[in-house]
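This report is for a reader new to the structure. Please look over the sequence and the model shown here before reading on.

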Amino acid sequence: GLFWSMTLAAGGDEVSPFSKTGLAPATMTFLAQVGGQPAASATLTRLFMAPDIVRTSIREQGLVGTLFQPSGPGLYPGVIILGGSVGGLGEETAALLASHGLVSLALAYFATDGLPEELVNIPLEYFATALAWLQTVDTIRKDRLAVLGRSRGGELALLLGTMFPQIRAVVAYGGSGLVFAGWGQAGVADQSAWSYRGVPLPFLKEFAMDDPAREQATIPVERIAGPVLLVSGQEDHIWPAGQLSTLIMERLKTSHHPYPDQHLSYPGAGHRIQFPYLPTTSPQFRHPIGNELMSLGGNAKDRAFAEADSWARVLRFLTGNF
């Protein structure tokens, strides 16, 4: 509680998602007072990347990413990390996963370094290139390759799992088993988020159970050649991730998907569920693309539990024998 319950200082920014950005250690100071006077203090330094992790910037074959590798001998499971509609390149989750024994590739796919500016018609061939490149890394087990995505990245991770059989496990935080419209400076686009072989994928602009276009926009998750782990908050205000994840599980069950699929559904948690032990008291954020102020949903205590509980389960899932 000393970590998740922290709040913004008075007079601070209008909103802060308390997202960890960058890999620098986080230093926190604890101060005990008696009668209003300092009596004792202690400083804690939290590492987000183990000292022996090898970090390599990737700018080849059109890819924009960062590779994190454990330096010890042997072969390790591999995982590609995909962000959501904010775009850019976030390295924090990949660094943490590498510190727990995975070869991790943080992969950007729009809004940075010569990639498309908006989340519109992103070619899925780009990710095929990334998969092929990752399989050339000499520390990776080619039969233990997973993809982890958050939000629109969760939608993308599920989609990639249906298309590329070398992906043997999928983790989707707040994801979707439906393809939705793209996202840009003007908000929701009138085009698909994804394309393949030059053809935009069928999509929905908004979710409705009775939408006749829903079937065409459905991701055939039963084709994924390995287990699926879904993480969602039941009070997600960005989109109905809990309901969307339930539909995925129903499709997997109906199709007799022969793997131990799981859905971790957390009451009181909203859209943002990430690695644990950071402040969770901000219920909104300003989207960097379009500058829209958005409500994440959920409450701080339940989100903190969801992050701690799901992170341990995701680690076991990715380091296990999928």
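The expected span of a helix is 1.5 Å times one less than its number of residues. The model described here is predicted.

## Helix α5

Helix α5 covers residues 241–254, 14 residues in all, and spans 20 Å from its first C-alpha to its last, close to the 20 Å expected at 1.5 Å a residue. Its buried residues are Ala241, Gly242, Leu244, Ser245, Leu247, Ile248 and Leu252. Among the elements covering these buried residues are α3 (152–163), α4 (214–217), β14 (228–233) and β15 (262–266). Just after α5, His256 has a positive phi of about 55°.

## Salt bridges

The model has nine salt bridges. One of them joins Arg251 to Glu222, with the closest N and O atoms 2.7 Å apart. This pair links distant parts of the chain, since Arg251 is in helix α5 and Glu222 is in the loop between α4 and β14, 29 residues apart. Arg251 is partly exposed at 26% relative accessibility, and Glu222 is partly exposed at 26%. Glu215, Glu222 and Arg251 are linked in a network of salt bridges.

Glu155 is buried at 0% relative accessibility, and Arg152 is buried at 8%. Arg313 is partly exposed, with a relative accessible area of 33%.

Ser310 belongs to helix α6, residues 300–319. Because its relative accessibility is 0%, Ser310 counts as buried. Leaving aside residues up to four places away in sequence, Ser310 touches Tyr173, Val231, Leu264, Tyr266 and Ile273. Pro276 is 34 residues from Ser310 in sequence, and their C-alpha atoms are 8.8 Å apart.

Ser282 sits in the loop between β15 and β16 (284–286). Its relative accessibility is 10%, so Ser282 counts as buried. A polar atom of the Ser282 side chain lies 3.1 Å from the backbone oxygen of Gln284.

## A three-stranded sheet

Three strands form an open sheet of mixed pairing, in the order β7-β12-β13. Strands β7 (122–123) and β13 (199–200) are at the edges, each with a single partner strand, so one side of each has no neighbour in the sheet. Strand β12, residues 194–196, pairs with β13 in the antiparallel sense over two bridges. The bridge partner of Ser195 in β13 is Pro200.

How values were computed:
Residues are numbered from 1 along each chain as its sequence is written. This is a predicted model: local features need pLDDT of at least 70, side-chain atom pairs count only at pLDDT 80 or more; totals for chains, interfaces and linings use all residues. Side-chain values use heavy atoms; hydrogens and water are left out. Two strands pair if DSSP finds at least two bridges between them. Helices (H or I, at least four residues) and strands (E, at least two) are DSSP runs, numbered from the N terminus. Buried means under 20% relative accessible area, exposed over 50%, partly exposed in between (1.4 Å probe, protein chains only). Contact means heavy atoms within 4.5 Å. A polar contact is a pair of N or O atoms within 3.5 Å; within protein, one must be able to donate a hydrogen and the other to accept it, and residues adjacent in sequence count only if both atoms are side-chain atoms. A salt bridge is a side-chain nitrogen of Lys or Arg within 4 Å of a carboxyl oxygen of Asp or Glu.
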